[in-house]
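This report describes selected features of one protein chain.

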Amino acid sequence: LQQYNATTHTLSLPAPVDPSERSALQSRQTEILANIQETMESVNGGMEEVKVKYAAFEEKREEFVQIVEGMERQRIIMSDDDHMDEEEEDGGEEITEQDVAEQQDHLHQLQQRKLNLENRLRSVQAQIVDVEDDCHRTKQVVNEVREKTGRKPLDWSGFTENENGGTDGNDVEYICNVDNEIVELQEKAAELKQSSDFYDGIRELMEELGGVKILSSSACAQEEDGFTLTLKLLGSHLLDIRLKKSSSVGGGESLFVASAKLTTPTTFPMPESQPETMTEDTENLTETINQSLSNVSLSKIMSQKQTVSIVIPPLDDLVKWSRSLESSQGIRFVLVETMARIRTLDARVAELTHLRQNYAAQVYDIETNLESAQFGGAEQEVVCAINEGITVALRLTVDCPLVPGSVYISELFGVGGWEEEKLAALKKVVEERRCKGPVEVMEVMVKEIRRRRHEEGWAIPLTPSLPRGRKE
């Protein structure tokens, strides 16, 4: 609340939790909530047991009082009988043997009842002792719970018997105090649960904003000192990172990335061109590309296999480089670079699709024999043509189309008599613009040709049309 901004009515977001500490924090949070829940259940059970024992104690006390009152009434009756016997003797009445026998039977019954009452009294006293023992144990449990929660033990001195054998009226007050303590603990547990839900929501929001979400963490079956972390990247790609412990320079232990692998499909399919939707202008551009085969360099490029899909390269190079960094920095490096590769290739597929929709273009497979192939993927080549009779061979680097200057012209060929000076001028303009993708390169080139045709009077050579066969 100290970080609440009264002007904007917002709370500042907490600092992102380090991935290596997140598991420990979640475990600690679960342990605290479990301890609080267990404490609450123990206190509730103890108080219910105290109440039950106290009610049984009151019931036994009432029964004992009734027994004592009955004995007192019996004593009074016996005294009255003795008094009546004296009066009869004084009256001169004769006592028969039958009367003596009846009195003896009555006396025997009274003695037997007295014995039964004494046995019952001893049983009640034993039960009272058991209740007192249970109360003592319950007091100890309650005090232990209070000490664990950082509170002072209760003062149980109010639970004492008065001179009449009963308990003071403060007993109810003490029981109410215990009930209040239980209510306070329940409220605190609810507050902790709300705080936990809030921070879990903030963590999930930060994961969604950052593009990384932790799905699970499991121990490695083959290695005792390592575990596998499963992450979701950019909402659809699953990445398994295997972490192992190693001795650091300072003598402690740290984690390093042992391996990293995408478990979801790593292939981005390229959309196929549809010949049935080709217009006359597109067919003319295709003819321009075919006429460019007279150029040796373009002919060599177009002899390669055309691209049908783009594959995310393995992450072994990232794992190797991450070992030269600190533990947290190495893990962060692998995550950032992996997401960069996914974003780059996803954007490249969209870029090449747009290029094919606007220009006659041929996309060729990424080279796999070059040394650059181990640095996140090799370069890719695209050949396309414009209506002005120019065929362009573009080289797409690893970061295309997200980084300026990640695409450049490798070959430029003009059909129908283009001068080399004009082609060199166009190439220079494109290089100075530092374009991100092939679509931007083609747009810049078309605009520059049209500008120079109007301002400098460039003459555009006519592209000869090849003879076409009759359409069926």
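A residue counts as buried when its relative accessible area is under 20%, as exposed over 50%, and as partly exposed in between. Glutamate 63, at 17% relative accessibility, is therefore buried. The model is a predicted one.

Glutamate 63 forms a salt bridge with arginine 120, and the closest N and O atoms are 1.5 Å apart. This pair links distant parts of the chain, since glutamate 63 belongs to helix α1 (residues 19–91) and arginine 120 to helix α2, 57 residues apart. Arginine 120 has a relative accessible area of 42%, so it is partly exposed.

Helix α2 covers residues 97–148; at 1.5 Å a residue its 52 residues should span 76 Å, and the 77 Å between its end C-alpha atoms agrees with this. Buried residues of α2 include Leu110, Leu117, Val124 and Val131. Asp134, Cys135 and Arg146 are also among them.

In the whole structure, 10 salt bridges are found. Three of them are listed here.

| Glutamate 63 | Arginine 120 | 1.5 Å |

Glutamate 448 and arginine 451 are 3 residues apart in helix α9 (residues 438–455), so about one helical turn separates them. Glutamate 448 and arginine 452 are 4 residues apart in α9, which again means about one helical turn. With a relative accessible area of 10%, glutamate 448 is buried, and arginine 452 is buried too. Arginine 451, by contrast, is partly exposed at 32% relative accessibility. A network of salt bridges links Glu448, Arg451, Arg452, Glu455 and Glu456.

The sheet is open and consists of 4 strands in the order β9-β10-β11-β12, with antiparallel pairing. Its edge strands, each pairing on one side only, are β9 (360–363) and β12 (407–414). From one strand to the next the twist averages 20°. Between β9 and β10 (residues 380–386) there are 4 bridges, and valine 363 stands opposite valine 382 in β10. Helix α8 (residues 420–433) packs on the sheet and touches β11 (390–396) and β12, its direction making about 165° with that of β12.

Threonine 397 sits in the loop between β11 and β12. Its relative accessibility is 17%, so threonine 397 counts as buried. A polar atom of the threonine 397 side chain lies 2.6 Å from the backbone oxygen of serine 406. Leaving aside neighbours within four places in sequence, threonine 397 is in contact with Arg348, Glu379, Ser406 and Tyr408.

Notes:
Residues are numbered from 1 along each chain as its sequence is written. This is a predicted model: local features need pLDDT of at least 70, side-chain atom pairs count only at pLDDT 80 or more; totals for chains, interfaces and linings use all residues. Side-chain values use heavy atoms; hydrogens and water are left out. Two strands pair if DSSP finds at least two bridges between them. Helices (H or I, at least four residues) and strands (E, at least two) are DSSP runs, numbered from the N terminus. Axes are lines fitted to C-alpha atoms, for helices over the stretch in contact, and angles run from 0 to 180 degrees between N-to-C directions. Contact means heavy atoms within 4.5 Å. The expected span of a helix is 1.5 Å times one less than its number of residues. Buried means under 20% relative accessible area, exposed over 50%, partly exposed in between (1.4 Å probe, protein chains only). A polar contact is a pair of N or O atoms within 3.5 Å; within protein, one must be able to donate a hydrogen and the other to accept it, and residues adjacent in sequence count only if both atoms are side-chain atoms. A salt bridge is a side-chain nitrogen of Lys or Arg within 4 Å of a carboxyl oxygen of Asp or Glu.
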